[in-house]
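Me: Could you walk me through the charged pairs in this one, and then a bit of helix packing? I'd like to go pair by pair.

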Amino acid sequence: MATGRTHRPATRSRGIPEATVARLPLYLRALTALSERSVPTVSSEELAAAAGVNSAKLRKDFSYLGSYGTRGVGYDVEYLVYQISRELGLTQDWPVVIVGIGNLGAALANYGGFASRGFRVAALIDADPAMAGKPVAGIPVQHTDDLEKIIKDNGVSIGVIATPAGAAQQVCDRLVAAGVTSILNFAPTVLSVPDGVDVRKVDLSIELQILAFHEQRKAGEETAAGDGALPAATREESADQGPDGDVPAVMPA
């Protein structure tokens, strides 16, 4: 069985834009749902709506894959599932290690979606000696002292960091030195990595802050609608004048 050590996805060599790569998992999720319902074909409009993009963008994305669908019929669902899975490298076996088995790390270990999407949790690693040997999701936790050996023995090229922020960079450095070339970072910190190493950051607090911004904005719009719009002259004055009434609040660059 192939492992992540010897095989890399073909997306870069084929010149697929990163923005398109980022949307491929969205298409795959929508297509998988259709496949599970035994839907044989789907139009670009239906698939785009399910994936949350516009149909023109979807057709452009699929053109990079060499898939153009059939006029009047649409796209073959099963073939697209295979095609996108192959492009993303999901037809291979990708062994993954999770470092940091606290609440978040344990939740990731218990996530059932890895295996069905081409990923195998090869090892769970934690710095707490009391955790060593304890099973989480049926996998015994191993100590960080053995990190390098674990990476080598399992041919791991993808690591997940779920440690506290203070430990994340050191763990990252050890993973990279051991041969890991792709890292999914859940720690609330920015990691420094050498060229050739890919990092994807997942920060739940940032996502919540973005949602808070939108909630505040919606609340402000509702308040403004309830109070009535400002007269045109007042709006212009507010935009052109600063707090002292004569100097713009934001100077032009």
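Reply: A salt bridge here is a side-chain nitrogen of Lys or Arg within 4 Å of a carboxyl oxygen of Asp or Glu. Please keep in mind that this is a predicted model.

Me: Fine. How many salt bridges does that rule give?

Reply: The count comes to 7 salt bridges by this rule.

Me: What about Asp-93, which side chain does it meet in a salt bridge?

Reply: Asp-93 and Arg-120 meet through their side chains in a salt bridge, at 3.0 Å from N to O. This pair links distant parts of the chain, since Asp-93 lies in the loop between α4 (77-88) and β3 (94-99), while Arg-120 belongs to strand β4 (residues 119-126), 27 residues apart.

Me: And is Arg-120 buried or exposed, or something in between?

Reply: Arg-120 is partly exposed, its relative accessible area being 34%, whereas Asp-93 has a value of 11% and is buried.

Me: Which residue does Asp-61 pair with?

Reply: The side chain of Asp-61 forms a salt bridge with that of Arg-23, with 2.7 Å from N to O. Here too distant parts of the chain are linked, with Asp-61 in helix α3 (residues 55-64) and Arg-23 in helix α1 (residues 18-36), 38 residues apart.

Me: Why does Asp-61 count as buried?

Reply: The cut-off for buried is under 20% relative accessible area, and Asp-61 counts as buried because its relative accessibility is 1%.

Me: Where do Asp-153 and Lys-149 sit?

Reply: Both are in helix α7 (residues 147-154), and because they are 4 residues apart there, about one helical turn separates them.

Me: OK, switching to packing. At what angle do α1 and α2 pack?

Reply: The angle between α1 and helix α2 (residues 44-51) is about 110°, and their axes are 9 Å apart. Angles of 65 to 115 degrees count as roughly perpendicular, so α1 is roughly perpendicular to α2.

Me: Left-handed or right-handed crossing?

Reply: α1 and α2 cross in a right-handed way.

Me: Which residues meet there?

Reply: From α1, the residues are Leu-26, Tyr-27, Ala-30, Leu-31 and Leu-34, and they meet Leu-47, Ala-50 and Ala-51 of α2. Sorted by class, this contact of α1 with α2 holds 8 nonpolar residues, with no polar and no charged ones.

Conventions:
Residues numbered from 1 in each chain as written. Predicted model: local features only at pLDDT ≥ 70, side-chain atom pairs only at ≥ 80, totals over all residues. Heavy atoms only, no water. Helix = DSSP H or I, 4+ residues; strand = E, 2+ residues; numbered from the N terminus. Buried < 20%, exposed > 50% of the residue type's maximum accessible area, 1.4 Å probe, protein only. Axes fitted to C-alpha atoms, helices over the stretch in contact; angles between N-to-C directions. Parallel < 35°, antiparallel > 145°, perpendicular 65-115°, else oblique. Left-handed = near helix turned anticlockwise from the far one by under 90°. Contact = heavy atoms within 4.5 Å. Nonpolar A, V, L, I, M, F, W, Y, C, P; charged D, E, K, R; others polar.
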